[in-house]
Amino acid sequence: MQKMNITASPHIASADNTSGIMLDVIFALLPATICGIFFYGFYALLLVAVSVAAAVAAEYLWCLAVKKESSLRDLSAIVTGLLLALNLPPTLPLWMAALGSAVAIVVVKQMFGGIGHNFANPAITARIVLMVSFPTAMTTFVDPFAAADTVSTATPLSGSQEFATDITRLFFGNYSGCIGETSSVLLLAGGIYLVLRRVITPEIPLAFFASAAGLSALLGLNPELGAQGPLETLLTGGLMIGAIFMATDYVTSPPNRLGKIVFGVGCGIITVVIRTFGNLPEGVSFAILLMNILTPHITRLTTGKPFGAEGKADEK
Amino acid sequence: MKKKESILKPKGRVRGGARLPHNKHTAEMESVIIAPPEKVIISMSQHIGAPCEPTVKAGDKVFVGSVIGDTDAFVSAPIHSSVSGEVVEITTIRMPAGNEVKAVVIASDGEMTPDPDIKPPKVETVEDLLAAARASGLVGLGGAGFPAHIKLKPSADKPLDTLIINGAECEPFITADYRECMENPEDILGGVYLIKKLLGIENVIIGVEDNKPKAIKTLYEIAADKQDVDDKVKLMKLKSRYPQGAEKVLIYSATKRKLPLGKLPSDIGCIVMNITSISFLYRYIRTGMPLVTKRITVDGNAVTEPKNLIVPIGTPISYVLDYCKAENPEKVMMGGPMMGIAVYDTALPILKQNNAILAFNGNQAKSKPMTDCIRCGRCMRACPMGLTPAPVELAIKNPKVEELNSLNVMYCMECGSCAFACPAGRPLTAVMRLAKNEIRKAGK
């Protein structure tokens, strides 16, 4: 009798796998990355390289230290390092970027059990750690095409009046900001690619955009509040990259449709509230982090009834 | 004058499911009737319900269609010899699910002589129909194996208004039902008209997936110019999305009615029959030959010559694999790749409810490597029943019945969509099965 391979059904599987998904995310981020390097020069490339390398090294060393099978193959460390780099100002000292990556991988991800177990988005949390630890370095921005040692400039978010809202400029990203967050058009293209590849579903970004734009329009009714206009809200700061690439992180956002909408709306509202009323220039990171923490509860409260159990209880 | 009305569109759409490769390579291959093997092994349990007891003993002469197993139990169906020859022994075989069943081994004389007592039954009333359905040995041929005479039994407090004929055939590779539509469409509609008349059912919906346009056209043309004067027998073009042929999904597509947990289609006015089942029933009424052969699709990358075969029930799997020149099969399944069961031994016999034998090797026989769950939610979006397989996988490590119940695992129909979708190769469908078992154990 020939030995047969016995498995439980189903006997076929989709072609998706974790590293393929991560590779798609890297592809989707590449245009914005290249654009950032184009705008901010060689030092930006160095920052990206150091950040990614540090994330990969941290992942490798952690797995070595705790005698766990290396998880480098799933490419998630590269995604974390890249996302963090794109959220850093183009003048940050390299060692800070490396530290941020190490915090993201070791403290936020691996200490909670590795991929699939972290409660918050590693890149977002690392950015917040850096922001709180090195506030000056993390808010020193330069104009595109300027040498790194020139005088720092304000970002549109800090409310400087010279940024008369030139929407086209904001749209293409030719303004000062973090390496990968400024080019809305390329980030959007990456997002559309991810939706078409079915890596993400559009609910979270759309809910994020809609609630942020809606709330800022509402606040705009009272000019004394000094809220940004809706379009400006969407195109400045980390909103685009946050909504498309960080809020859609699988592990830290609800898996169900209604949950995703609630999550996205929450992110949008908190972002605008922080930007308008808080004394921080940017609220996207905190908004996503707060909603990350609420994710298990949102999921629990929004999971629907199974097919055939809706409405009235079964009369048995 | 009868006006031709268009083919129906689905009334509802169940969320989730999976977009599968169709792989219907054998669709245009006419069925081949194969010569009987030297020996057939006929299982006494080829249906849901009580197994039959052999009514023959070693040394008995039997003919094609002779009863060889029966029982007094209500939920059961008799079993007939599929060859003419001599009973060699009554034995037990271990089925792929692990359970042991009795089986009658018959040595074929190669003559295939029909039982001389076979004659077409007289079917004029519902009672006649039920008696004929039972005597024919018919069970749900789509795979479930539910005895037909029970399904067809009308109940005064459950009026039926819709007969749904399941021709979805949503599993990849399998084309057995499609061939039935192409080769015996008159029998399908004959059965439809008969059941409609005897059971007094108003509407009939014949559901076929839109990847089988020729089957839809063939059936439609017969329905359009035959006895259906009131135009109540309709074809419905279903979306080709797995698991379209699952009973709950099909009922919803056809009627927008949701079948609650633990209820039967008759509770919501429906009766669902597989398209090959109804065709067979009509053929039985025409000829009197009980269920002794089955059309099966033989395919998979290990099969050099994929085919649709009409084989005697009880034929060993190895016999049909050899016939279709299978090379080094590493994994052999009874049924489709989504819900079929992998067999440990190709000496096992083909059953009434089998509709495919698939043989895989190389990459097709391998499972996706298993990695950590990344909580992407694909399993939940894929579940047509709206369940959450990933949390069930966490819960099953330390199973608590209340927790599993609150995750509604009993709704799972084990269609396999979750595990198919999982990028991390988690065995989610198997996990759901385990969870259901835990609840069943606790209920005892």
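Analyst: In chain B, the centres of domain 1 and domain 2, taken over C-alpha atoms, lie 30 Å apart. This is a predicted model: local features need pLDDT of at least 70, side-chain atom pairs count only at pLDDT 80 or more, and totals for chains, interfaces and linings use all residues. Residues are numbered from 1 along each chain as its sequence is written, while chains are lettered from A and ligands numbered from 1 in the order in which they are written.

Domain 1 of chain B covers residues 126-287 and domain 2 covers 378-443; such bounds come from an automatic or database domain assignment. Six residues of domain 1 of chain B are in contact with six residues of domain 2 of chain B, where contact means that the C-beta atoms of two residues, placed from the backbone, lie within 7 Å. On the domain 1 side of chain B, the residues that touch domain 2 are five nonpolar, no polar and one charged. Here Ala, Val, Leu, Ile, Met, Phe, Trp, Tyr, Cys and Pro count as nonpolar, Asp, Glu, Lys and Arg as charged, and the others, Gly among them, as polar.

Helices (H or I, at least four residues) and strands (E, at least two) are DSSP runs, numbered from the N terminus. A residue is buried if 20 or more other C-beta atoms, placed from the backbone, lie within 10 Å of its own, exposed if 12 or fewer, and partly exposed in between.

In a regular strand the side chains alternate between the two faces of the sheet. In β17(B), Ala356(B), Leu358(B) and Phe360(B) point one way, Ile357(B) and Ala359(B) point the other way, and all are buried.

Next come the partners of this strand. Strands of a sheet pair through backbone hydrogen bonds, either parallel or antiparallel; two strands count as paired if DSSP finds at least two bridges between them. Strand β13 of chain B (residues 293-299) pairs with β17(B) in the parallel sense, over three bridges, and Asp299(B) stands opposite Leu358(B). With strand β15 of chain B (residues 331-334), β17(B) pairs in the antiparallel sense over four bridges; there Met334(B) is the bridge partner of Ile357(B).

Ile357(B) also has a place in the packing. Leaving aside neighbours within four places in sequence, Ile357(B) is in contact with Ile296(B), Val298(B), Ile317(B), Val320(B), Leu321(B), Val332(B) and Met334(B). The largest nonpolar core has 138 residues, and Leu219(B), Val320(B) and Ile357(B) touch the most other members. A nonpolar core is a set of buried Ala, Val, Leu, Ile, Met, Phe, Trp, Tyr and Cys residues joined through C-beta atoms within 7 Å. Helix α7 of chain B (residues 275-287) gives the largest share of this core, seven residues. Domain 1 and domain 2 of chain B both contribute residues to this core, so it lies between them. Apart from it lies another core, of 81 residues, including Ala28(A), Val50(A), Met246(A) and Met291(A).

Lys325(B) lies in the loop between α8 (317-323) and β15; although not a glycine, Lys325(B) has a positive phi of about 55 degrees. With 13 C-beta neighbours inside 10 Å, Lys325(B) counts as partly exposed. Glu169(B), in the loop between β9 (162-167) and α3 (176-183), is not a glycine either and has a positive phi of about 45 degrees. Glu169(B) is buried, with 34 other C-beta atoms within 10 Å.

Val431(B) counts as buried because 24 C-beta neighbours lie inside 10 Å. Beyond four places in sequence, the contacts of Val431(B) are Pro389(B), Val392(B), Glu393(B) and Ile396(B).

Finally, the other chain: 32 residues of chain A are in contact with 48 residues of chain B. The chain A side of this contact divides into 15 nonpolar, 13 polar and four charged residues.
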